[in-house]
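Trainee: Please walk me through the terms used for this model. For each one, I'd like to see how the value meets the cut-off.

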Amino acid sequence: MSKVHFQEKFEERHIGPSADETAAMLDTLGLQHLDQLIDETVPAKIRTKRPLALPTAMGETAYLRRMKTVAAKNRVFKSYIGQGYYDVILPSVIQRNVFENPGWYTQYTPYQAEIAQGRLQALLNFQTMVIDLTGMEIANASLLDEATAAAEAMFMQYGLRKNKNANTYFVDSNIYPQTLDVLRTRAQSYGITLLVGSPEEIPDNDDIFGTLVQYPGADGTIADFGDLAERLHNKGITTCAVADLLSLTLLTPPGEWGADVVVGSTQRFGIPMGFGGPHAAYFATKEAYKRNIPGRIIGVTVDSNGEYALRMALQTREQHIRRDKASSNICTAQALLAIMAGFYAVYHGPKGLLNIAGRIHDLTALLDSSLRQLGYTQLNRTYFDTLRIELGELAGPLRAEALNQAINLHYQGTIAGISIDETTTYQDIETLVGIFAKLKGKTISDVNVAAAPVSSGIPRALQRTSDYLTHPVFNNYHSEHEMLRYIKSLEAKDLSLCHSMIPLGSCTMKLNATTEMIPVTWPEFSNLHPFAPADQVGGYMEVIHELNQWLCEITGFAKVSFQPNSGAQGEYAGLMVIRAYHESRGEGHRDVVLIPASAHGTNPASASMAGLKVVVVNCDERGNIDVADLRAKAELHGANLSALMVTYPSTHGVFEEPITTICDIIHHYGGQVYMDGANMNAQVGLTSPGLIGADVCHLNLHKTFCIPHGGGGPGMGPIGVAEHLVPFLPNHAVIEVSGSEGISAVSAAPWGSASILLISHAYIAMMGAEGLTNATRFAILNANYIKERLQNHYPVLYAGANGRCAHELILDCRAFKASGVEVSDIAKRLMDYGFHAPTVSFPVAGTLMVEPTESESKAELDRFCDALIAIREEITAIETGQADKQHNLLKGAPHTVAMVSADVWDKPYPRSQAAFPLPFVREHKFWPTVGRVNDSQGDRTLICACPPMSAYETSEV
Ligand SMILES: *Cc1c(COP(=O)(O)O)cnc(C)c1O
């Protein structure tokens, strides 16, 4: 009789290979047991001695049932807190077809443009929306949050300063405290002095290189910064405006009053608050500064057929090229949320947005006059959506009555702030007025709410007159059918995990299970304000506390900070924590960080952001850190050594044996070991950063712990630290999350993008100790199986002492160059077989880095290997002269329907071979929608907004 399971095992859904497949794969590797492979791969001296101490794995149904009870511990009050976070109405058509749709959320960052035209278009829409609303010339495709976007602006302004001795940044005191907090952290690392005050009082001072103002201000008032910006401009000082994008439908956009940079959040464009995130920040500036912009920019170009095509532009600014000289360390940003915000603008169009903003403002004005009728002092003479009421002795009673009616306001001393949002109704205004009336012994009937004289809170001089969102994309899809079909038409252009494996080395594109996603959109989790009172957020606290404990157990650390909202932000946060630690010991001068040559570009970029000097450590010919070189450099810089940044297993896909020696050397010279945890998928349950000897490590929850990549974000990059670093973990200006020694904030929200922590929580809860460890073992098995199948066709670079790779491997394609075949040709040809390319040219130029993850079955691995083997044969045909050097299957790739079905076919190979090179492709063909994109043309003439319709009319026809 077969064994009866009393509970479904999620592990069996998450891990790809079945028992039979596993046996066959081990056979291919010449092994009896998976344990043998692990023993051959992971050095014995760093292996954990005991299983992870985690709760018993829960089935999917049981987990969701439990989460219902956890969700019930969050109490969703009506929020008028504002402060950068507002309740929204996410259109259902966007919620179901984008937010909750793996066709969108499992996409990778659009590096392979030909199979990513849908999200590239959606992101171009986002950029166009930002450019139009801010009145600027160029915008990027999102940043992590408003506060970090402001910090990026400060850094850009610093880089652009005319007077290279100028070192002071003037910040409007009317700014959200979380933004100021993040600016403080970043200013400290650059050695910038922050001067906070009222813009009228900017001193006439040569030391000031830039200013930042908020529009409308943190208190809700709207100031006219036009004269100021002009005056500063004449002195060569740049101005950044932090602006509420929705308000700009009514207000003169900063681009029209002279701002040089405009940043802010697009959360109000249909993105739920989610207890702090994720949401997309925006960054807009002048064309002249395009090479200094942080983050990714989508641009228009042409494909090999001369047709409209999109791709990521100006990549030479980015950290994978410029390392410590990059314009920023931003890698993962907020693509999915930017896509949703862009769709929100497509759905509503300019009139719809104006209606929403107009209604918000009108309701605010009704509330204003009603409160005045009741004799209250409303402090804001100008406003878009926010009022401030001086309550004096009534402050306490008001708060009690509001809480009694499940309403949160923003309280500051005796002043109550009320921010109206898209969800506010006329009845809500009556409820609010009723509360205020009651305090004065009156009722709502003593006030004439509707008939109250409405005067605009927006000064006449600042009322917007210019058009926006005039492009057809914002005016054609307002019925739900049109909108649904538009979303689907874009989705259909993009390859995601819905189609096939995405074997991206270092990016761990594993299963993002549906059950893991479900709680994220429950209102109890998605509609909480990050600054809601502690007694309303018990459910979140439970999840965050448990996840903290579990990740500590997994990493071998003492505490985790959830504030960093990407891996790169984790790197920055970790280095700042190390800096604070050194300072606390009177060793603040330690400012050298050692980074191996094989490191990801974010490492040197983050180090430079943290104000550290980067010293590169060599790797030997076997791909390992050159320990002698490391020792020599550690000694040379011993007195000033701050840290080593090391990825483990290395980006070369190997568990380096001397890792503990490496940690010892660094500690010997007084440095700290920062581990880049992007490769945690090869460690969980088998070893840990703490055990190996690291002091800090970030975890990419969007890699190892199942948060989907969303086409380039969201992500989460929490850091775990050893005991001695715990006191220095980041704090937050509004919600205390660390002790008095904690560094200032690194993100706008206290727990970063809190709502997606639910995904990692679900993964760990449903896998349990054994499941998680098995995931690691199978990740290693899958990689070694691919290695075994491909190594006779492609040289595999680097392996461990026993000839095994870790969870990823590098295929060397450099030899094909002699026949004119570039590694990118292989990447493009893979598209014709229905696959996304592995990581191209990282960490070694001219190679492919393959990471299959544990979630892929043997059947899928075999299809992928078959495709690469068939491509190798196509290369052989070129090498032997059977195929032409210029006109061949690889150079022609990818092949589109239009190309293959055209009346004229002038290629020297058959159409069937172009489109259906292997039998399995015929059964499940994914068509790239454009031919190969032209990168250099797009960078020469940069267009990063939707081109006008006239651009589509070809004059030659
Ligand atoms: C992905 C990755 C990073 C950066 O993480 P983000 O979340 O994209 O910022 C850093 N290091 C390595 C090795 C990575 O693979």
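Trainee: Why is the crossing of α7 and α13 called left-handed?

Mentor: The crossing of α7 and α13 falls on the left-handed side. Before we go on, some ground rules: this is a predicted model, where local features need pLDDT of at least 70 and side-chain atom pairs count only at pLDDT 80 or more, while totals for chains, interfaces and linings use all residues. Residues are numbered from 1 along each chain as its sequence is written, and side-chain values use heavy atoms, with hydrogens and water left out.

Trainee: What makes α7 and α13 roughly perpendicular?

Mentor: Helix α7 spans residues 117–134 and helix α13 residues 335–373, and their axes cross at roughly 65° and come within 8 Å. Axes here are lines fitted to C-alpha atoms, for helices over the stretch in contact, with angles from 0 to 180 degrees between N-to-C directions. The classes are roughly parallel under 35 degrees, roughly antiparallel over 145, roughly perpendicular from 65 to 115 and oblique for the rest. The pair α7 and α13 therefore counts as roughly perpendicular. As for the names, helices (H or I, at least four residues) and strands (E, at least two) are DSSP runs numbered from the N terminus.

Trainee: How do you know which residues of α7 and α13 make the contact?

Mentor: Contact means heavy atoms within 4.5 Å. On the α7 side that picks out residues including Leu 123, Phe 126 and Met 129, and on the α13 side Ile 339, Phe 343 and Val 346 are among them. By class, this contact has 11 nonpolar, two polar and one charged residues. Nonpolar covers Ala, Val, Leu, Ile, Met, Phe, Trp, Tyr, Cys and Pro; charged covers Asp, Glu, Lys and Arg; the others, Gly among them, are polar.

Trainee: Why is α2 called oblique to α27?

Mentor: The axes of α2 (residues 19–28) and α27 (residues 858–879) come within 10 Å and cross at roughly 45°. That angle makes α2 oblique to α27. In this contact, Glu 21, Ala 24 and Met 25 of α2 meet Lys 858, Ala 859 and Leu 861 of α27, giving four nonpolar, no polar and two charged residues.

Trainee: What about α3 and α25: which angle class do they fall in, and why?

Mentor: Helix α3 (residues 34–41) packs on helix α25 (residues 757–790) at about 85°, with the axes 10 Å apart. These two are therefore roughly perpendicular to each other. Leu 34, Leu 37 and Ile 38 are among the α3 residues in the contact, and Phe 778, Ile 780 and Leu 781 are among those of α25.

Trainee: How do you know that the peptide bond between Gly 277 and Pro 278 is cis?

Mentor: Its omega is about 10°, and Pro 278 sits in the loop between β7 (261–265) and β8 (281–285). Another cis bond joins Phe 842 and Pro 843, with omega about 0°.

Trainee: What makes the phi of Leu 314 worth a note?

Mentor: Most residues other than glycine have a negative phi, and most peptide bonds are trans. Leu 314 has a positive phi, near 50°, and is placed in the loop between β10 (308–313) and α12 (319–322).

How values were computed:
Left-handed = near helix turned anticlockwise from the far one by under 90°.
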